[in-house]
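User: I am new to this structure and would like to learn how to read it. Please take me through it one feature at a time.

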Amino acid sequence: MHSANTIIKHFEAYKEALFQEIITLNSFLELYVHIRKRRNDRLEILNKSPAFFQLVQESLLSSVIIGIAKIYEKRNRKGRTIFNFLNFISANYQVIFNKPAKEKGKTSDEITEQLFEYQLVQLTNQEPLLNRVFAWRDGSFAHADKKYFEDRNILGGEFPITISDLRFLIELVAEILNKYEGAYNNNYQSIIATNVTDIDNILDWLYKVEPYKSDINKMVREQAYNRH
């Protein structure tokens, strides 16, 4: 039997690890969306290195799909999943939230068996959507299903997923985690993606430089010639 101190430390580490996972996934997703939006006014610049930007977007999307699938994977009995987290909380909540009244968060008294059941129903209701996410992971990103290898549009047609779907799954995990974050220390963690617009500095700079590129190249050649 684990001591109360060990249980609490495990809870803190588990909670923070899941928060970091979804914060990262949300940043990946919003960066993917932001790059696509910049096609509206920076398509010419993006097309200067289309293979690079396509690879970046592909990597971001695959990371989001694989990451969400990992967090929601019921069969992963030992991994950092939302189901394993809830199982741990359900088994140890009386230890974790057993604080003097003056130290309790505003929602400490709401941590009950009924809450776990409600959250499990919330997660179970997402199975149709999650099955589509798992299909994308298994058919394209984690494995290379022959059926979808040459034409991913087939996968999208059979298992449609929208950006809103992915956002919802990320935000649902955040909502569940913040329920326990609030009960434990009366705090709330935001998963809002930061620094997503950093890439604008590069795109906008290249956009401004592009009209003068020939002059810049000429200056570079002249400087190189003069050095010799």
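This is a predicted model: local features need pLDDT of at least 70, side-chain atom pairs count only at pLDDT 80 or more; totals for chains, interfaces and linings use all residues.

User: What share of the residues is buried, and what share of the contacts joins residues 24 or more positions apart?

Analyst: Buried means under 20% relative accessible area, exposed over 50%, and partly exposed in between, with a 1.4 Å probe and protein chains only. Of the 228 residues in the chain, 41% are buried. Contact means heavy atoms within 4.5 Å. Among contacts with a separation of 6 or more, 78% are between residues 24 or more positions apart.

User: How do α1 and α2 cross?

Analyst: Axes are lines fitted to C-alpha atoms, for helices over the stretch in contact, and angles run from 0 to 180 degrees between N-to-C directions. Under 35 degrees counts as roughly parallel, over 145 as roughly antiparallel, 65 to 115 as roughly perpendicular and the rest as oblique. The axes of α1 (residues 4-37) and α2 (residues 39-46) come within 7 Å and cross at roughly 80°, so the two helices are roughly perpendicular to each other. I35, R36 and K37 of α1 make the contact with R39, N40, D41 and L46 of α2. By type, these residues are two nonpolar, one polar and four charged. In this sorting Ala, Val, Leu, Ile, Met, Phe, Trp, Tyr, Cys and Pro count as nonpolar, Asp, Glu, Lys and Arg as charged, and the others, Gly among them, as polar.

User: At what angle do α5 and α9 cross?

Analyst: The axes of α5 (residues 113-124) and α9 (residues 163-185) cross at roughly 170° and come within 11 Å. The pair is therefore roughly antiparallel. On the α5 side are L115, F116, Q119, Q122 and L123, which meet L172, E175, I176, K179 and Y180 in α9. The residues of this contact divide into six nonpolar, two polar and two charged.

User: Which residues have the most contacts inside the largest nonpolar core?

Analyst: A nonpolar core is a set of buried Ala, Val, Leu, Ile, Met, Phe, Trp, Tyr and Cys residues joined through side-chain atoms within 4.5 Å. The largest one has 56 residues, and Y72, I82, F85, I89, F97 and Y180 have the most contacts inside it. Helix α1 gives the most to this core, with twelve residues. Not counting residues up to four places away in sequence, Y180 touches F11, F85, L86, I89, F97, I111, L115, F116 and Q119.

User: Is K15 buried or exposed?

Analyst: K15, in helix α1, is buried, with a relative accessible area of 3%. Beyond its neighbours within four places in sequence, K15 is in contact with F85, L177, E181 and Q189.

User: Where is N186 found?

Analyst: N186 is in the loop between α9 and α10. N186 has a positive phi of about 55° although it is not a glycine, and is partly exposed, with a relative accessible area of 47%.

Methods
Residues are numbered from 1 along each chain as its sequence is written. Side-chain values use heavy atoms; hydrogens and water are left out. Helices (H or I, at least four residues) and strands (E, at least two) are DSSP runs, numbered from the N terminus.
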